[in-house]
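The following questions and answers go through selected features of one structure. Each answer works towards the value or name asked for.

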Amino acid sequence: AAGMFLRLLSDIQWRAAHPKWRRMTSSQRSTSTSAEPHPVSLPAQAQVVICGGGIMGTSVAYHLSKMGWKDIVLLEQGRLAAGTTRFCAGIVSTARPASIELKMAHYSNKLYQQLEQETGVQTGYMKTGSISLAQTQDRLISLKRIASSLNVMGVPCEIISPKKVLQLHPLINIHDLVGAMYLPEDALVSSANVSLALATAASRNGVQIHERTTVSHVTIQKGRVTGVETDRGRIQCEFFVNCAGQWAYELGHSGEEPVHIPVHACEHFYLLTHPLPQPLSSSLPTVVDPDGRIYIRNWQGGILSGGFEKNPKPLFTEGRNQLEIQNLQEDWDHFGPLLSALLRRMPGLEALQIMQLVNCPESFTPDMRCIMGESPTARGYFVLTGMNSAGLSYGGGAGKYLAEWIVNGYPSENVWPLDLKRFGTLQSSRTFLRHRVMEVMPLMCDLKVPRWDFQTGRQLRTSPLYDRLDAQGARWMEKHGFERVKYFVPPGSDLLDLDHSKTFYKPDWFDIVGSEVKCCKEAVCVIDMSSFTKFEISSTGDEALENLQYLFSNDLDVPVGHVVHTGMLNEKGGYENDCSIARLSKRSFFMISPTDQQVHCWTWLKNHLPDDSNLVLEDVTWKYTALNLIGPRAVDVLSELSYAPMTAEHFPSLFCKEMSVGYANGIRVMSITHTGEPGFVLYIPIEYALHVYNEVMNMGQKYGIRNAGYYALRSLRIEKFFAFWGQDLDAFTTPMECGREFQVKLDKGMEFLGQEVLLEQKQNGVYKRFTMFILEDHDTDMDLWPWWGEPIFRNGRYVGKTTSSAYSYTLERHVCLGFVHHFHEETGEELVVTTDFINQGEYEIDIAGQRFQAKAKLYPFSSLFTQRRRKDEVELSGYQRE
Amino acid sequence: FYLTPPQVNSILKANEYSFKVPEFDGKNVSSVLGFDSNQLPANAPIEDRRSAATCLQTRGMLLGVFDGHAGCACAQAVSERLFYYIAISLLPHETLLEIENAVENGRALLPILQWHKHPNDYFSKEASKLYFNSLRTYWQELIDLNSGETTDVREALINAFKRLDNDISLEAQVGDPNSFLNYLVLRVAFSGSTACVAHVDGVDLHIANTGDSRAVLGVQEEDGSWSAVNLSYDHNAQNEHEVERVKMEHPKSEEKSLVKQDRLLGLLMPFRAFGDVKFKWSIELQKRVVESGPDQLNHNEYTKFIPPNYFTPPYLTAEPEVIHHKLRPQDKFLVLATDGLWETMHRQDVARIVGEYLTGVHHQQPIAVGGYKVTLGQMHGLLTERRARISSVFEDQNAATHLIRHAVGNNEFGTVDHERLSKMLSLPEELARMYRDDITIIVVQFNSHVIGAYQNEE
């Protein structure tokens with residue numbers, strides 16, 4: 001049955017395109033007529049082998065060839081654009097909440113628009129625009145947030161009234177709408193033909209394309225890709241790109257050394273109809289009704305409508321090809337609720353005749369964002385897949401970023417949120433993936449409010465104290481599979497209410513977190529921070545110190561027992577990681593990094609440390625439970641438990657010592673808290689965790705000790721202007737740009753990564769500056785709360801976006817952190833950002849279209865530090881990411 | 001006026017009852033797994049009755065539905081008394097003697113039946129002594145008659161039916177010094193009731209039927225589909241044999257007046273029934289009893305009314321037709337129901353709905369549009385029905401309730417339409433009777449494993 005659709009949607013255009021295609025490529029590749037399947041033999045070697053002839057593979061080939069790389073082979077097991085790409089609904093939309101996805105979609109749209117002209121292949125590109133409907137006020141807020149983002153990006157976008165919706169699309173029932181977002185530049189295009197056009201251009205640039213060639217596995221030697229084995233022989237290569245779509249997981253697991261790519265397919269349905277009596281115009285905008293979980297586009301005078309149901313059907317959990325993709329069944333009963341939503345939205349379509357229900361599997365990822373980048377275990381093994389049903393919108397941009405990554409070593413934008421290395425083997429369980437994608441697919445349409453968490457695949461990694469904390473009212477969130485406490489619900493609170501606090505406004509845990517913050521300020525709190533990534537680096541000689549000195553910007557040649565906050569920078573001086581390193585002995589170091597650095601940091605170190613058996617790198621994350629004692633009375637609790645003086649004279653800030661706490665010996669105590677508040681972090685061998693926790697809680701009673709969670713921690717660190725890696729800091733941010741010059745020792749007597757750039761920035765200034773904003777006319781009770789990604793305006797002009805925000809219980813104001821740029825008023829060119837530039841502006845923060853006055857600050861409030869000790873002891877770092 | 005789904009459910013489930021045959025040692029050795037029963041009134045009060053009991057002195061289980069007319073008194077009496085008459089008829093001589101001795105000497109009586117009753121199924125306390133005495137007279141006669149032969153179930157059933165009807169008639173003729181009881185026995189005799197009773201003992205299933213209730217066996221074919229086998233014949237004008245029988249029993253001169261407008265003497269739908277002495281007694285007897293009876297009876301136009309062309313009574317009998325069926329493993333269930341169900345549903349649909357309900361398998365073919373012309377609206381309607389069909393299955397924990405939901409709520413596509421269901425259930429009392437009849441259903445589920453084992457032994 002699917003075959004009929006192929007003929008209708010794609011093959012007509014394929015035939016139209018085919019003569020040109022054949023003419024251009026007949027010299028080197030076969031055509032779809034199978035009489036002569038493989039006239040051209042595979043080359044013995046190539047620089048790059050791309051597996052997958054869908055939109056991703058062809059886009060990567062296109063962009064690589066555009067960047068001047070010629071020695072590229074693209075292999076496709078069937079025919080080009082025959083998988084998910086062929087069945088794609090053909091909508092190119094820039095309406096994306098996250099900025100990196102938004103940029104990819106924006107680029108894709110521009111690319112597809114000129115593709116027909118560039119290649120001569122008809123793509124059917126039609127700029128129709130799109131309308132995203134809101135049935136509720138909350139939905140409208142989320143659309144307004146996207147609109148704010150799009151507007152500062154220069155993408156035309158408008159929030160419109162229901163009446164205007166009716167003018168744009170006469171079939172829409174607007175009675176249940178509160179508003180909508182209109183993107184006039186969104187488009188429709190045949191994804192299969194886009195893919196063919198990209199292939200045509202790539203082929204013209206020298207890329208060899210071989211259809212009906214199946215990659216059986218990739219060979220990896222000494223952590224590097226050496227070649228691919230196919231059913232038609234072996235190709236030696238330097239780079240391999242896995243664009244196998246929903247088969248990417250299996251392809252990753254086919255070799256001796258598995259590459260974990262956490263994607264899982266779900267069935268996805270859409271409907272095709274015959275034309276209306278008065279055929280729909282091909283320029284009619286696409287309609288997205290997220291509250292109804294559906295999208296509707298015009299299609300050959302009729303409509304194409306699909307959606308993301310609440311009860312998705314995961315597919316291929318046990319492996320590939322139990323059924324051929326073309327033979328997937330239509331399931332009308334499953335589609336029923338979406339059909340109801342369609343007829344509710346467009347009641348006039350009742351009499352429209354059905355042509356077909358298409359079942360087109362899509363691949364989904366554990367966090368609803370796509371996967372790109374290099375494998376942590378095999379250099380030269382790149383991946384681009386897991387598009388969560390937005391492959392066409394992302395295809396162009398994603399292919400470009402990956403090509404840049406292969407050619408330049410890193411893309412031109414920060415793509416950490418999409419980096420394969422944000423996942424580890426722990427997200428690679430089929431059961432986990434099956435359960436998680438069943439949650440992810442409905443989420444495509446669900447309202448995403450600040451601080452939402454996934455509900456499936458939980459309680460995978462937990463602290464030994466999990467049950468104890470849970471029994472005391474802990475509410476949990478998850479990071480890299482690890483359960484972390486958000487806050488503790490006091491006994492007697494309305495638990496039901498708290499678990500359903502989905503709002504863009506003041507959340508109902510406000511007072512709970514407030515009291516935890518107060519306790520941190522006035523007494524002492526315990527936060528379980530076991531999820532942090534912990535490495536030990538040691539050597540027999542001085543290799544550890546020498547290498548770390550090169551990889552880290554701060555001076556690590558400090559006396560034993562000292563803790564150093566330092567960035568792990570790349571060549572461009574950007575933060576690959578932000579961490580605390582304790583010198584345990586002359587030759588060993590203990591390194592603490594954010595939770596989600598586990599794979600990335602490990603890979604970075606492995607790739608940069610010499611292959612030297614004297615140098616040992618060990619991941620000890622699982623060996624220690626970390627308890628953070630925050631507050632002025634932490635000193636008293638700890639000295640009573642250890643019979644050791646813990647005051648500043650004996651145990652200064654940024655100090656590390658192994659000591660006994662209660663009966664337990666060998667506890668690593670560090671005088672850091674990641675918040676700027678006084679206190680200690682205890683690194684406890686896990687078998688002692690419960691004992692030490694009990695001792696701390698018992699002893700702490702008289703000092704008013706209580707449990708606290710990450711929300712309190714975040715409020716504390718943000719009001720102290722602490723930047724966190726992954727949230728505020730990324731590979732495109734240098735210490736100079738975020739006021740961290742004091743953590744860089746340019747004169748430490750040896751060269752380090754990124755040094756040149758930092759020197760240059762020190763001399764010539766920076767082009768963006770991390771700034772703290774205090775919201776002035778913002779009513780915490782009544783106004784929308786900031787989240788992150790809100791545009792910042794200086795004197796009415798856009799200068800950047802926020803990266804994190806929190807309510808400061810001390811200032812009784814909202815604090816936003818973000819980067820300020822200086823764009824030339826006419827040319828838009830980026831200029832140096834000076835202190836004066838920051839200080840002399842009038843600022844506003846745009847929250848869902850509403851602007852709030854803000855005061856900009858480059859340094860934290862000194863008044864917050866009145867209780868502090870010497871100023872130079874002030875700890876100025878932290879790196880949790882919420 | 002519109003009933004919400006929960007309101008509809010509370011109406012449908014008000015009278016539902018389920019019984020599971022208890023397991024011993026983790027095994028149910030009975031050929032019956034259990035039964036679901038339910039009834040939905042149209043008359044106020046409902047004129048249908050149901051009974052279920054396990055015989056304690058012999059093996060076997062009794063289940064029956066009783067459709068009353070001209071009031072509920074007769075159906076009520078039959079539902080209370082008939083199973084005792086059957087049980088007694090089945091008892092061996094020694095047990096009858098034992099029972100008689102116990103009564104004679106004021107000792108505790110052997111329990112004869114274990115009833116499985118819904119709280120709404122009542123027994124009239126006032127008449128229990130009277131009923132007991134009649135029953136005792138019956139077993140005393142049985143003791144005297146001791147034939148020495150083993151009791152044949154068919155015969156026992158026929159005897160019990162006939163004897164009870166006879167007792168009802170006699171009690172009304174004799175009267176009772178207690179004026180309440182006197183009125184009661186007269187109401188029982190002047191009203192009527194059909195009876196459809198199943199006796200299950202191992203693989204032996206007997207159906208004794210009097211009137212137009214019906215017993216249908218649900219059989220699962222090899223391909224998994226369901227078929228229905230009738231285990232009773234309706235005693236009404238649609239049954240040629242029955243019309244023939246009535247004509248045979250009366251002079252040829254009455255041939256034309258016997259059955260008019262599909263009714264006996266132009267008045268009565270069922271051709272066999274308990275009670276209904278107006279069709280059994282001579283005119284003289286009727287007049288005497290009515291005149292000497294209480295005022296309420298005397299002033300009742302119905303009781304005073306003598307059927308036209310009433311020449312050679314009795315015109316009516318309570319003698320049942322008995323069908324014996326050897327249960328096979330493919331016989332999965334038995335549906336006993338009053339005509340309220342059979343008027344609205346074909347037995348084939350009944351078998352399918354119950355079968356699919358009990359097995360939890362819904363043979364809904366996936367829909368494929370193929371080359372057909374289907375509009376979005378049509379497809380939407382179709383899908384909504386299919387969803388309703390599935391959801392109605394999950395709503396019901398009782399097969400009888402599930403059947404009633406379909407009987408009342410089915411639309412032209414054979415699926416439950418909530419709107420229709422809601423309308424039918426919210427009809428005012430006086431209108432309800434015009435749109436539907438009382439419905440009483442018992443669904444007996446058989447134990448295929450036990451039945452299979454019996455078969456292998458034979």
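Two strands count as paired if DSSP finds at least two bridges between them. The model discussed here is predicted.

Q: Which residue of strand 15 of chain A stands opposite Ser132(A)?
A: Strand 5 (residues 130-134) and strand 15 (residues 286-289) of chain A run parallel and are joined by three bridges. Ser132(A) has its opposite number in strand 15 of chain A, and that residue is Val288(A).

Q: What is the bridge partner of Val287(A) in strand 16 of chain A?
A: Strand 15 of chain A pairs with strand 16 (residues 294-299) of chain A over three bridges, in the antiparallel sense. Across this pairing, the partner of Val287(A) is Ile296(A).

Q: Which residue in the turn between strand 15 and strand 16 of chain A has a positive phi?
A: Most residues other than glycine have a negative phi. Strand 15 and strand 16 of chain A form a hairpin, with four residues between them. In that turn, a positive phi of about 65 degrees belongs to Arg293(A).

Q: Which are the edge strands of the open sheet of eight strands in chain A?
A: The order of this sheet is 6-7-5-15-16-17-14-19 (chain A), and its pairing is mixed. An edge strand here pairs on one side only, which holds for strand 6 (158-160) and strand 19 (354-359) of chain A.

Q: What is the average twist from one strand to the next in the open sheet 6-7-5-15-16-17-14-19 (chain A)?
A: The eight strands of this sheet are in chain A. From one strand to the next, the twist averages 20 degrees.

Q: By how many degrees are neighbouring strands of the closed barrel turned against each other on average?
A: The barrel has six strands, running 36-39-38-37-40-41 (chain A) with antiparallel pairing.

Q: Which residue of strand 41 of chain A is the bridge partner of Leu775(A)?
A: Strand 36 (residues 768-775) and strand 41 (residues 850-857) of chain A run antiparallel, with four bridges joining them. The partner of Leu775(A) in strand 41 of chain A is Ala854(A).

Q: What is the space in the largest cavity?
A: Rolling a probe the size of a water molecule over the atoms shows where empty space is left. The structure holds eleven cavities of 30 Å³ or more. The space in the largest cavity is about 90 Å³.

Q: Which domains of chain A does the largest cavity lie between?
A: The lining has 13 residues, and those nearest the centre are Trp509(A), Arg714(A), Trp785(A), Ala806(A) and Tyr807(A). By class, eight lining residues are nonpolar, three polar and two charged. Helix 19 (710-719) and strand 38 (797-808) of chain A each supply at least two residues of the lining. Two domains of chain A both give residues to the lining, so the cavity lies between domain 2 (465-490 + 506-532 + 623-721) and domain 3 (767-864).

Q: Is Arg212(A) buried, partly exposed or exposed?
A: Arg212(A) lies in the loop between strand 9 (208-210) and strand 10 (215-221) of chain A. Although not a glycine, Arg212(A) has a positive phi of about 50 degrees. Buried means under 20% relative accessible area and exposed means over 50%. At 29%, Arg212(A) is therefore partly exposed.

Q: What is the phi of Ser389(A)?
A: Ser389(A) is placed in the loop between strand 22 (381-385) and helix 10 (391-408) of chain A. Ser389(A) is not a glycine, yet its phi is positive, at about 65 degrees.

Q: What is the omega of the cis peptide bond between Pro313(B) and Pro314(B)?
A: Most peptide bonds are trans. Pro314(B) is in the loop between helix 11 (301-304) and strand 14 (321-326) of chain B. The cis bond that joins Pro313(B) and Pro314(B) has an omega of about 0 degrees.

Q: How far apart in space are Ser147(B) and His93(B), C-alpha to C-alpha?
A: Ser147(B) lies in the loop between helix 4 (128-144) and helix 5 (153-174) of chain B. Ser147(B) is exposed, with a relative accessible area of 53%. In sequence, Ser147(B) and His93(B) are 54 residues apart, while in space their C-alpha distance is 8.8 Å.

Methods
Residues numbered from 1 in each chain as written. Chains lettered and ligands numbered in written order. Predicted model: local features only at pLDDT ≥ 70, side-chain atom pairs only at ≥ 80, totals over all residues. Heavy atoms only, no water. 1 Å grid on protein atoms, 1.4 Å probe; cavity = no way out; pocket = protein on both sides within 12 Å on 5 of 7 lines; lining within 4 Å. Points joined across faces, edges and corners; volume = space filled by probe spheres on them. Nonpolar A, V, L, I, M, F, W, Y, C, P; charged D, E, K, R; others polar. Domains from an automatic or database assignment. Buried < 20%, exposed > 50% of the residue type's maximum accessible area, 1.4 Å probe, protein only. Axes fitted to C-alpha atoms, helices over the stretch in contact; angles between N-to-C directions.
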